[in-house]
Amino acid sequence: MDSNGHYNVFVPSTQRNSVGTTWASGATPGSSIPIKRFFIARPADSAATINDALDSGRSLILTPGIYHLNQSIKVMRPDTVVLGLGFPTLIPEKRNISMTVASAKGILISGMIFDAGATNSPVLLQVGSGHTRSDHNTSDPTALQDVFFRIGGAEPGKATSSLVVNSDNVILDDIWAWRADHGNGVGLERQHCRHGCHRQW
């Protein structure tokens, strides 16, 4: 909250050759984004509604709950922030990819769970297409932080890959890709995943 009582989302700056906390000698370097520049989504919002907001230039906050997606959430604009609160869960419903992220600088994805749907998806989260890229700016990398993947466990699920990264200069920080060994839908013939995290090109 700023001095005028307005809410903001704070985005820390990229650090290099650093050790320890970023606040030991003062405020953490970074910038604040006014909350009015975010679309605050709820589980009842469709992927189409969320994509309309992203297309208009807004960043995205996903509030807690389960998002059943009949199409991909498409994060296309450089420096977009997608922030999950309370680890919202994204589940594809029609063999689709839950979220695609463009090969662009400075996109930040944080704090969410990608759960496989009952029918096989090729991938749950894809970053970049492996074709023409604009992600060569090392000073403003894309980052995935506290992003988790589940194949089965909560419910039966199938996906060929949990995470595919086809972009340069992407930071992966606290990635957990789990193929269930207990819970619901567990068994060699019931939940499938060929890759946890890989690069296709």
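The legends below describe close-up views of one predicted model. Residues are numbered from 1 along each chain as its sequence is written, and side-chain values use heavy atoms, with hydrogens and water left out. Because the model is predicted, local features need pLDDT of at least 70 and side-chain atom pairs count only at pLDDT 80 or more, whereas totals for chains, interfaces and linings use all residues.

**View 1. The chain as a whole.** The secondary structure comes to 1 helix and 15 strands, these being DSSP runs numbered from the N terminus (helices H or I, at least four residues; strands E, at least two). Of the 201 residues in the chain, 42% are buried, where buried means under 20% relative accessible area, exposed over 50% and partly exposed in between, with a 1.4 Å probe and protein chains only.

**View 2. The lining of the largest pocket.** A pocket is an open set of points on a 1 Å grid over the protein atoms alone, where a 1.4 Å probe fits, with protein on both sides within 12 Å along at least five of seven lines, and its lining residues have an atom within 4 Å of a point. The largest pocket is lined by 30 residues, and Val-11, Pro-12, Gly-106, Leu-108 and Gln-145 lie nearest its centre. Elements giving two or more residues to this lining include β1 (8-12), β2 (30-34) and β12 (142-151), and β1 gives the most, with 4 residues.

**View 3. Pro-29 and its surroundings.** Pro-29 is found in the loop between β1 and β2 and, at 37% relative accessibility, counts as partly exposed. Its C-alpha atom is separated by 5.5 Å from that of Ser-13, 16 residues apart along the chain. Not counting residues up to four places away in sequence, Pro-29 touches Phe-10, Pro-12, Ser-13, Gln-15 and Thr-22, a contact being heavy atoms within 4.5 Å.

**View 4. Stacked phenylalanine rings.** The whole structure holds 4 aromatic pairs, in which rings of Phe, Tyr and Trp (its six-membered ring) have centres within 6.5 Å, with planes under 30 degrees apart counted as stacked, over 60 as edge-to-face and the rest as tilted. The rings of Phe-87 and Phe-148 are stacked, because their centres are 5.2 Å apart and their planes at 10°. Phe-87 lies in the loop between β7 and β8 (89-92) and Phe-148 in strand β12, so the pair ties together parts that are 61 residues apart in sequence. Phe-87 is partly exposed, with a relative accessible area of 34%, whereas Phe-148, at 18%, counts as buried.
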